[in-house]
Amino acid sequence: MLRVRNMLLIKKTGFLVIVLCQTVLLLAGVIPSELLTLYLDMENIPESDLETYLEQFIINPLQWDRCNVTDIETLPLRDHIKEKLIIFKNRNIATENWIDFQKEARLKDEEMELIEFFFEISEKRSKYKISAMNFFSFKTDPDIDIHKNLLRGKIVNNNGGMIGIVAERDYDERAVWDYRNVCLKTPLLLDRLEISAASFRFNWGHGLLFSMNGMAGKSANFMGNILPRSQRFGVYMGSDENRYLHGINLTCRLKNITMYSLVSYHKLDATIKDSVVESFRTSGSHVTDAEIAGKDALSERTICGGVLYTRADNQWGVLFYQSQYSYPVAKFFRNSGQAGLSVYNKFTAGSWMFSGECALLGTKELAFVQGFIFSQAGYKVGIQIRYFSDWFFTPLSSVMKEYSGTTANERALYLGVQGKLNRKYRLGAYIDFFSKNRSMEPGVDPPRGTDVLISLHRQWRGNHFLDFRYKRRSVSQSMFENILKNQLSLSARYNILDELSVSIRSTVVKLQTGADKNTGMAVSVYSTIKSHGKIKLTAGATHFYSTAFDSRVYLYEPGTPLRFNMVSLNGTGYRWFLTLQKEISESFIWITTAKIQTKRGIADKHFHRTAIIEFQMLVDL
Amino acid sequence: MIKKSMIIGCLLVTTGFAAFELQTVNPSSIALGNVISLYPYSLNPAAQTENVGKFLRFDYSRIFGIKGLDYYELQAGWTSIGKRSYGAVLRSFGNPIYQEKTIVFNHARRIINVLAAGVSLHFYHIAISGYDSDGTVGLTIGAKCYISEQLQFAVLFQNVNSPSLYDRSNRLPECFSAGLSYTPHPRIDWCMELFKDTEFPFSTRTGVRIKTLPCLDLMVGAQLNPDRFTGGLALHWKQFRFDAALLHHLVLPYTICCGFGICY
């Protein structure tokens with residue numbers, strides 16, 4: 001009884017604190033998500049990972065003056081936007097403000113809103129820039145309660161120094177801000193030194209050992225899958241409570257050579273049994289007694305050093321790291337520590353671009369990716385091979401893989417093509433042949449399969465568009481468990497006026513597992529109205545039907561910006577959603593989202609109704 | 001005997017339809033594969049803005065030819081020069097033992113040249129012999145977008161307020177439909193619609209209207225899940241219009257719908 005009362009008190013106090021912060025906190029525009037290359041099939045990817053994926057681009061934007069064409073190619077943006085940026089980049093025009101940038105790059109207002117999230121320019125501005133975001137949501141299932149709260153703020157000074165904070169409470173957690181984090185970055189010192197401290201992530205090569213983004217799934221953006229992202233440290237203000245480093249890092253740039261080093265001491269969530277690590281807990285949820293007991297139970301000490309040689313667009317690098325854990329992590333590393341070595345390359349020769357990374361863990365485990373891209377007359381063709389030995393595993397790795405899980409055990413060949421058929425049509429496609437090296441079940445062949453994606457994008461002059469995607473996935477797991485999944489997606493938007501648009505999204509899934517056949521389908525229709533008073537209203541509905549959980553449909557739903565609104569739909573039912581965005585002044589945006597879902601499982605008798613209300617405040621001073 | 005056959009008839013229907021499942025018998029809609037969101041005189045109030053002046057219309061059908069499953073529909077409406085429309089509909093379905101009655105008031109407006117939106121208020125009333133009668137109110141909203149002279153798009157959300165009968169134990173159908181019509185030739189209209197009742201899987205519907213003569217339209221359509229084939233004709237002379245449609249069911253007998261209207 002006392003515990004319940006205390007919890008209620010904590011929740012009430014927490015709510016008051018959140019509301020108070022809401023009134024104090026003060027960011028920036030809003031992401032028009034339709035211009036992003038969103039992931040199509042997220043079977044193995046949680047929504048939170050997708051949020052983290054976007055967060056890392058936004059929290060660590062590229063410096064326009066310093067980035068190169070490859071960096072632009074790897075962004076999860078629509079091709080037509082990247083094309084404009086690349087043309088502008090190749091013209092080498094210096095810009096000091098976003099107005100000139102938009103004019104020179106010939107970007108539309110909507111596109112510009114998005115670009116400002118992904119890039120930084122050396123804008124002449126006030127000494128400090130303060131940005132903050134406060135998000136919280138209520139849910140009515142089973143009782144009305146605070147569902148989630150996320151608070152994020154940063155102060156950036158003119159010279160590039162910054163300090164950032166993040167705090168989060170997940171559903172049902174007992175502490176108000178169960179997760180808190182800080183990050184620091186110094187301005188550029190002596191024109192060559194960059195130091196950041198507290199929490200951070202590291203982008204190296206193709207992410208075999210370290211990656212800034214918590215995930216790398218196959219997407220329609222095949223260039224983003226094959227090319228590496230820029231090699232750098234990035235401050236961490238994400239909501240993933242485990243996968244980051246905590247300590248200090250140093251980057252030293254000397255003409256063509258860049259040196260990286262880091263020291264990290266980080267407490268991780270883990271399940272420890274008989275003084276041996278049974279599993280890493282990466283959900284970030286601390287609700288049950290077991291989850292709370294596992295919080296910060298394992299300490300990780302990491303040191304790392306690397307050197308990168310850069311000449312024009314070509315890069316060669318080598319990196320060494322070692323991690324030591326407070327308990328043996330036998331299941332994953334076979335002992336209480338892990339040491340690794342990585343060699344990375346990227347070089348161009350005419351229309352050809354090569355890039356790859358090879359990593360060695362201990363003396364036995366090996367992984368490598370190597371790919372090349374050929375560009376000619378607006379068409380790009382790419383191939384990548386990847387190999388992960390059976391027990392290759394690093395906690396901070398993020399590389400395109402088919403099989404998720406703690407051990408790698410995979411080999412694959414990935415081929416992609418994209419091109420502009422004419423002024424109106426763009427075509428993209430990939431095929432991925434994947435297989436496990438060996439089956440862990442005796443007497444069973446290693447699972448293997450094929451993924452095929454074909455996408456066609458049609459753009460009209462009035463910014464209307466139509467997007468078709470077909471995906472076929474065939475997996476052979478064992479003699480009686482072959483999976484064939486066909487998925488067709490459509491997305492279209494028609495701008496009735498400059499201020500009024502109507503959009504439709506639909507996905508059909510047909511799944512065959514052995515002799516079982518299941519289907520799923522969802523359709524979403526919504527409209528967006530913008531008023532001169534800087535109010536933007538989006539309202540719509542989604543209807544869905546799926547005969548089984550396996551044939552569930554993932555559909556993007558407009559909602560609170562910076563949140564990834566990809567909903568998983570199974571059973572039968574519908575959802576209503578409404579987002580109201582009000583720009584109170586140039587630097588203050590208030591967003592409210594309400595969602596209602598009525599649903600029942602196919603075998604259930606009754607419908608179940610849930611509601612979520614979200615509030616988000618973005619301030620940019 | 002007659003009473004027993006009617007009860008059997010009702011049961012036959014209720015295996016296929018919940019209460020107020022059948023919401024229109026407009027012959028043109030039926031003939032075009034049950035497309036309900038795109039054309040006037042059907043369920044989308046926004047489409048009524050395409051009418052000019054006043055209209056009065058009566059439709060009748062005997063569902064699957066079964067005696068006692070008679071459906072009557074009387075519609076009246078007015079559309080102003082400014083493209084504001086007002087209308088009322090009376091519907092009656094059933095027999096002395098099982099009766100569904102609906103009164104509908106609708107209003108729609110052409111907000112801008114390329115967009116019309118409308119709303120309908122439905123008063124549903126059900127009476128079953130030997131049981132208490134019950135009634136409820138349902139709200140339907142619809143919109144139609146005139147993308148070009150050839151291409152039109154419409155959406156319809158029926159019973160968005162989740163009405164139910166008999167102490168929430170019987171939910172009325174909450175349906176969504178999105179339709180697209182295309183006119184590749186001045187004499188040919190093609191339409192397609194995606195229909196979803198919350199309880200059931202998606203159903204795809206499609207139809208073609210061919211204007212064979214200045215006063216005669218021929219229509220043919222089909223729907224999938226459940227599979228139905230439809231066909232019909234529309235005769236129009238001056239302000240008068242006569243429609244008839246035939247619906248084919250894989251097991252049950254054919255349903256014939258016919259209607260007569262005047263627009264002045």
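# Close-up views of a predicted two-chain model

The mean pLDDT of chain A is 84, and 90% of its residues reach 70 or more. The model shown in these views is predicted.

**Figure 1. Confidence along chain A, from helix H1 to strand E10.** Confidence in chain A is lowest in helix H1 (residues 2-24), where the mean is 42. The pLDDT stays below 50 over residues 1-29 of chain A. Beyond near neighbours in sequence, this stretch has 37 contacts in the model. Strand E10 (residues 257-268) of chain A has the highest confidence, at 94.

**Figure 2. The contact between chain A and chain B.** Chain B gives 15 residues to the contact and chain A gives 13 residues. On the side of chain B that touches chain A, the elements giving two or more residues are strand E7 (151-157), strand E10 (175-185) and strand E11 (188-197) of chain B. By residue class, this side of chain B divides into 11 nonpolar, 1 polar and 3 charged residues.

**Figure 3. Chain B as a whole.** Chain B contains 2 helices and 16 strands. The C-alpha trace of chain B spans about 55 × 35 × 35 Å along its principal axes. A compact globule of 264 residues would have a radius of gyration near 18 Å, and chain B, with 18 Å, agrees with this. Of the 264 residues of chain B, 44% count as buried. Among the contacts in chain B between residues at least 6 apart in sequence, 46% join residues at least 24 apart.

**Figure 4. The largest nonpolar core and the surroundings of A:Val553.** This core has 60 residues, and those with the most contacts inside it are A:Val553, B:Ala143 and B:Ala154. Not counting residues up to four places away in sequence, A:Val553 touches A:Thr507, A:Val509, A:Gly520, A:Met521, A:Ala522, A:Phe544, A:Ser546 and A:Leu569. A second, separate core has 46 residues, including A:Phe136, A:Phe202, A:Phe388 and A:Leu396.

**Figure 5. The hairpin of strands E24 and E25 in chain A.** Strand E24 (residues 500-513) and strand E25 (residues 516-530) of chain A run antiparallel and are joined by 14 bridges. In this pairing, A:Val509 stands opposite A:Gly520 in E25(A). The hairpin has 2 residues between E24(A) and E25(A). A:Gly514, in the turn, has a positive phi of about 60 degrees.

**Figure 6. Strand E26 of chain A and its pairings with E25(A) and E29(A).** E25(A) is joined by 11 bridges to strand E26 (residues 535-546) of chain A, and the two run antiparallel. Two residue pairs can be picked out here. A:Ala522 has A:Phe544 in E26(A) as its bridge partner, and A:Tyr526 stands opposite A:Gly540 in E26(A). E26(A) also pairs in the antiparallel sense with strand E29 (residues 571-585) of chain A, over 12 bridges. In that pairing, the bridge partner of A:Ser546 is A:Gly571 in E29(A). A:Ala522, A:Phe544 and A:Ser546 are among the residues that A:Val553 touches. In a regular strand, side chains alternate between the two faces of the sheet.

Figure 7. A:Asn409 lies in the loop between strand E18 (379-388) and strand E19 (410-420) of chain A. A:Asn409 counts as buried because it has 21 C-beta neighbours inside 10 Å, the threshold being 20 or more. With 14 C-beta neighbours inside 10 Å, A:Asn463 counts as partly exposed.

**Figure 8. The cis peptide bond at B:Pro226.** The bond joins B:Asn225 and B:Pro226, and omega is about 0 degrees. B:Pro226 is placed in the loop between strand E13 (216-224) and strand E14 (228-237) of chain B.

**Figure 9. A:Met617 in strand E31 of chain A.** Strand E31 covers residues 608-620 of chain A. A:Met617 is buried, with 23 other C-beta atoms within 10 Å. A:Lys420 is 197 residues from A:Met617 along the chain, and their C-alpha atoms are separated by 39 Å.

Key:
Residues are numbered from 1 along each chain as its sequence is written. Chains are lettered from A and ligands numbered from 1 in the order in which they are written. This is a predicted model: local features need pLDDT of at least 70, side-chain atom pairs count only at pLDDT 80 or more; totals for chains, interfaces and linings use all residues. Two residues are in contact if their C-beta atoms, placed from the backbone, lie within 7 Å. Helices (H or I, at least four residues) and strands (E, at least two) are DSSP runs, numbered from the N terminus. Ala, Val, Leu, Ile, Met, Phe, Trp, Tyr, Cys and Pro count as nonpolar, Asp, Glu, Lys and Arg as charged, and the others, Gly among them, as polar. The radius of gyration is taken over C-alpha atoms; the globule rule is 2.2 Å times the number of residues to the power 0.38. A residue is buried if 20 or more other C-beta atoms lie within 10 Å of its own, exposed if 12 or fewer, and partly exposed in between; C-beta atoms are placed from the backbone. A nonpolar core is a set of buried Ala, Val, Leu, Ile, Met, Phe, Trp, Tyr and Cys residues joined through C-beta atoms within 7 Å. Two strands pair if DSSP finds at least two bridges between them. pLDDT is the predictor's confidence in each residue, from 0 to 100.
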